[in-house]
Amino acid sequence: MKAKRQRPQPTRRTLELFLLLLALGVTALADFLVSSSVGASSNDTSWITHVVVLGLLGLGVNVSLRLWAKYADPFILPVVVALNGIGLAMIHRLDLASSTAAGSNAATSQLLYTGLGMICAVVVMWIIRDHRVLRRFTYVWLAASVVLLLLPLVPGLGAGTINGANIWIRVGSFSLQPGEFAKITLALFFASYLGSKRDLILLAGRKIGPLQLPRARDLGPMLVAWAVALGVLVFQRDLGSAIMFFGLFMVMIYVATGRVSWIVIGLGLMVVGGAAAMMFMGHVQRRVNVWLNAFDPNVYEAKGGSLQIVQGLFAMANGGMVGTGLGGGQPYRIPVAKSDMIYASLGEELGLIGMLAIVCLFLILISRGIRAALGARDSFGKLLGTGLSFILALQFFVVTAGVLRVMPLTGLATPFLAAGGSALLANWILVSLLLLISHNARRPSTGGGTLSTTEQGLIDRKVEAKRAQEAGETGPGAPLVGGEDA
């Protein structure tokens, strides 16, 4: 019988273009409402410039994907453009309400950084093409991470303490936050290291009760990650980055091994580090005190007190369910409304419904990133896709939880929404890597000897079952990432 001809895999770039037009429509409507609001000039046409530039840039990325990553996920780019556009409109709205000349160009700067970030994303896709080539540079990524984290502490290069944190460097008239790029290089290092050392971590170690403990030598990377996170907390006074870096490693090693023992050890180290920070670090104590006693008049009126948090809560309460409408609220009363507190600013004018819509956009973006990771045919791609998706998820959660007073405010930037060039550049590069991973996961297999995804999955499960049996594992302790590299 003649074999049935396999249908070609759809690229779905046309669907992406349609969704991109919807995202630009949301941006255009938001920016138009801002430009028509009270306080805006009657001939303010900057919203047209924002939409046209963002549209041309988005179309350029779509064309680039057609050339170099035509099987990439069609939902990631439109969601990111929508978030970027909503943030741009809100920053423009705050510019119009600003009474200082220094604050009146933040939207223009954000648009320029958006363009630079999207160009960087295209360059990354053009140069790399296949994410697996990045696995070759394991210790290069580690060295790059260490250098990036130490740069703000270099005399003459570091910009000093800004808003309580020492995380900036200054190059001429420009300032840069190296830690935003360190999160990507750390994810690359963890994915490469764990992808190559996973068998040693799985098959070695002592079992104590239900826990399979790793060997002391395998604890090295965990201790390094713990020390790096604690070092960031101590020397750079940046609680948010410390949480993100250590959380990233914990998630990636759990995905690589599936062992609860790593989570137990990691949480234990986090508790020890947190307790030490509370006992000996004054800035951590102040953050916690501001969080717990935000409505205390003495804390509210103190320098560096809870004014920012309380004003954000009042703004969101004023917005209610449907919000005051873009241009109808007073988000400019919130300190640092364009960056750290932009989610509260959006909450006042878009209301609870608008805030939930933003949460849904992030859930779509993160779920598509994890879907790409699950579909990857190599362990490095699975780990890297999971790590990059988790970075976005943890950043958004930490910022949102701080704004809503669920946990202490940390100062991380809301991805794609908040004003800030470093975060925007780094996040667009992160998105380009997710697009490459999804492209290589969805593209048809080539070569006569290549196994299908289903066949490879069956082999992977058999291999993992044998490894688990040899290591004395059963049931849910089996690792979540397995299989040889394609």
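The largest nonpolar core of this predicted model has 118 residues. Such a core is a set of buried Ala, Val, Leu, Ile, Met, Phe, Trp, Tyr and Cys residues joined through side-chain atoms within 4.5 Å. Buried means under 20% relative accessible area, with a 1.4 Å probe and protein chains only. Val81, Leu83, Phe416 and Trp428 have the most contacts inside the core. Residues are numbered from 1 along each chain as its sequence is written. In this predicted model, local features need pLDDT of at least 70 and side-chain atom pairs count only at pLDDT 80 or more, while totals for chains, interfaces and linings use all residues; side-chain values use heavy atoms, without hydrogens and water.

Leu83 touches Ile358, Leu361, Phe362, Leu365, Phe416 and Leu417, leaving out residues up to four places away in sequence. Contact here means heavy atoms within 4.5 Å.

Helix α3 spans residues 76-97 and helix α15 spans residues 421-442. Helices are DSSP runs (H or I, at least four residues), numbered from the N terminus. The two axes come within 11 Å and cross at roughly 165°. α3 is therefore roughly antiparallel to α15 (angles over 145 degrees, between N-to-C directions). Ile76, Leu77, Val80, Val81 and Asn84 of α3 meet Leu424, Trp428, Val431, Leu434 and Leu435 of α15. By class, this contact has nine nonpolar residues, one polar and no charged. Nonpolar covers Ala, Val, Leu, Ile, Met, Phe, Trp, Tyr, Cys and Pro; charged covers Asp, Glu, Lys and Arg; the others, Gly among them, are polar.

Thr414 lies in the loop between α14 (379-403) and α15. Thr414 counts as buried because its relative accessibility is 2%. Beyond its neighbours within four places in sequence, Thr414 contacts Ile342, Phe362, Phe396 and Val399.

How values were computed. Buried < 20%, exposed > 50% of the residue type's maximum accessible area, 1.4 Å probe, protein only. Axes fitted to C-alpha atoms, helices over the stretch in contact; angles between N-to-C directions. Helix = DSSP H or I, 4+ residues; strand = E, 2+ residues; numbered from the N terminus. Parallel < 35°, antiparallel > 145°, perpendicular 65-115°, else oblique.
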